[in-house]
Structure formats: structure tokens, C-alpha cells
Amino acid sequence: MLNIFAVLVPTFFLVVPGDRLCEWGKYGEHCNLTCPVNCALVPSRNVQYCNRNTGKCLGGCRRGWHGDLCDQSCSTNCLNRTCNQQTGHCTLGCNGTNTGDFCNSTRQCGRGWYGDTCEHPCSSNCVEERCNQTTGVCVLGCNGTYTREICNITTVSNIKEEADNLAAILVPVFLVVAVFAAVVVVLLWRRRKNRAQNAGASFNEELLLSRGHTDEEGASSGETPVQTGNMNEGR
């Protein structure tokens with residue numbers, strides 16, 4: 001009996017310490033290892049929770065990761081970067097036109113459609129109604145006189161727009177030039193009028209001076225004007 005007890009007691013102390021729980025966020029034989037950083041946090045403690053022996057994340061993975069140790073990233077095409085922890089399948093669907101369990105295939109929209117779920121129609125002005133499945137840009141060009149990336153503007157509209165812009169610039173310029181020309185004409189007319197008046201005044205002044213000078217010369221020489229009428233009477 002004593003021999004059996006002597007064998008069981010050491011065995012008990014060896015097993016129990018090995019099965020004890022580690023503190024939150026730790027695992028390993030001596031609880032000296034940290035749970036993988038991509039394990040989901042336990043809300044009440046804000047730490048990761050994993051298996052005491054293997055380190056497997058028991059509460060799931062952070063968004064964007066999967067695998068037992070949450071060390072594999074979900075496909076970037078998974079909607080919201082969310083996938084199944086075990087398989088990596090995109091659980092919420094795919095971004096854009098991607099498809100498949102891992103969203104690694106591209107879905108082709110039918111002719112004339114584009115968008116994440118091919119819900120938008122291409123412009124009816126696109127050649128053959130073909131457009132980029134993501135942006136809607138016409139890939140083969142535009143029909144008729146239409147232009148721009150989605151063929152929503154006509155060249156007629158462009159010409160009218162350019163004409164309106166040109167008119168908006170030229171009208172003010174024309175008004176300024178017209179006002180300036182009118183001012184110049186008025187100034188030239190006034191200057192010409194002033195010159196004519198000044199010229200007339202100078203001529204009259206010179207005429208008066210000339211007459212006065214002639215009278216003074218006659219008076220200084222003592223000559224008297226000849227009376228032609230008396231000479232005729234004497235004869």
C-alpha cells in the first residue's frame with residue numbers, strides 16, 4: 001500500500017502543474033509564450049485568448065486574417081477584408097466585379113453595363129456601347145460628334161461654349177476701345193477748334209498792327225493824300 005502511494009503522489013504533482021491554465025494572452029508549457037497578435041481580442045479583458053498548448057486562437061481572428069494561428073491574410077478582394085477563419089473563404093462577398101470563394105476571379109459584365117454588380121448602363125454614345133467595367137469610360141471611342149471620356153458632350157456644344165466664352169471676353173474689350181476712341185476724337189476736335197481760333201486771332205492782330213504801322217509812316221513823311229476830285233474841277 002505504501003509503495004502504491006509513493007508512486008501515485010509524484011505522478012499527481014507532475015500532471016496537475018502541466019494542466020494548469022495560463023493567464024490571459026499566454027500559452028505554452030510554462031505559460032511564457034504570447035498568443036498570436038492577430039487573435040481576436042476578448043472584449044471584457046482586451047487581450048488575445050488562445051489554446052494553452054498549441055496557441056490556436058480560440059476567439060477567432062482579427063478582421064483580415066484567418067488560420068489556426070491567424071497568420072494568413074484574407075484576400076484583398078474580400079468585402080471588408082472578412083473571411084472564414086478555417087477556410088479563408090470570403091464570407092461577406094467580393095469587391096468590385098470579383099467572384100469566387102476567394103474573390104480571385106473577375107466577373108465580366110454584359111455589353112453595355114458596368115459597376116460592382118454590373119448595375120450601371122454604359123453611355124449610349126459609346127461605340128458599340130462598350131465601356132470600362134469599373135469606371136464606365138468608353139473604351140472604343142464615341143459615336144458621331146460626341147466626345148469626352150463618357151461621350152456626354154458634343155463638338156457642337158463645345159463650339160457654342162467656346163463662342164460664348166469668346167463673346168464674354170470681346171464685348172468688354174470692344175466697349176473699352178469704343179470709349180477710348182470717342183475720347184480721342186473729342187480731344188482732337190477741341191484741339192483743332194482751338195488752333196483755328198488762335199490762328200484767326202493772330203491774323204487779326206497782325207492786320208491791325210500792319211495798318212497802324214502804315215499810318216505812322218505816312219504821317220512821318222508829311223505827305224497828304226491827293227484830292228483827285230479838285231484837280232478835275234480846275235480843269
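Tutor: This is a predicted model, and the count of disulfides in it comes to eleven.

Student: What makes a pair of cysteines count as a disulfide?

Tutor: The two sulfur atoms must lie within 2.5 Å. In cysteine 22 and cysteine 31 the sulfur atoms are 1.8 Å apart, and because the cut-off is 2.5 Å, the pair qualifies.

Student: What is the handedness of the link between cysteine 22 and cysteine 31?

Tutor: That link is left-handed, with -75 degrees about the S-S bond.

Student: Which parts does the disulfide of cysteine 78 and cysteine 90 tie together?

Tutor: The sulfur atoms of cysteine 78 and cysteine 90 are 1.8 Å apart. Both cysteines lie in the loop between strand 6 (72-73) and strand 7 (98-99), so the pair ties together parts that are twelve residues apart in sequence. Cysteine 78 and cysteine 90 are both buried, and their link is left-handed, with -65 degrees about the S-S bond.

Student: How do you know whether cysteine 142 and cysteine 151 are buried or partly exposed?

Tutor: Set each value against the 20% limit. Cysteine 142 has 23% relative accessibility, so it counts as partly exposed. Cysteine 151 has a relative accessible area of 0%, so it is buried. A disulfide joins the two, with 1.9 Å from S to S, and this link is left-handed at -80 degrees.

Student: What makes up the largest nonpolar core?

Tutor: Seven residues do: Tyr27, Cys35, Cys39, Cys50, Cys57, Cys61 and Cys70. Apart from that core lies another, of six residues, among them Cys122, Cys126, Cys131 and Cys151.

Student: What does cysteine 70 touch?

Tutor: Leaving out residues up to four places away in sequence, cysteine 70 touches Asn38, Cys39, Cys57, Gly60, Cys61, Trp65 and Gln85.

Student: How many salt bridges does a search of the whole structure find, and what makes a contact count as one?

Tutor: The search finds one salt bridge. The side chains of arginine 130 and glutamate 128 meet at 2.9 Å, N to O, and because a salt bridge needs such a nitrogen and oxygen within 4 Å, the pair passes.

Student: Why does isoleucine 169 count as exposed?

Tutor: Exposed means over 50%, and isoleucine 169 has 52% relative accessibility, so it counts as exposed. Isoleucine 169 sits in helix 2 (residues 155-221). Together with Leu166, Leu170, Val173 and Val177, Ile169 makes a nonpolar surface patch of about 450 Å².

Student: And for the protein overall, what share of the residues is buried?

Tutor: Buried residues make up 20% of the 235 residues. The protein exposes about 17800 Å², and carbon and sulfur atoms supply 57% of that area. The secondary structure comes to three helices and twelve strands.

Notes: Residues numbered from 1 in each chain as written. Predicted model: local features only at pLDDT ≥ 70, side-chain atom pairs only at ≥ 80, totals over all residues. Heavy atoms only, no water. Patch = residues over 30% accessible without salt bridge, like charges linked within 9 Å, V, L, I, M, F, W, Y side chains within 5 Å. Areas by Shrake-Rupley, 256 points an atom, 1.4 Å probe, with all protein chains shown as cover. Helix = DSSP H or I, 4+ residues; strand = E, 2+ residues; numbered from the N terminus. Buried < 20%, exposed > 50% of the residue type's maximum accessible area, 1.4 Å probe, protein only. Core = buried A, V, L, I, M, F, W, Y, C linked by side-chain atoms within 4.5 Å. Contact = heavy atoms within 4.5 Å.
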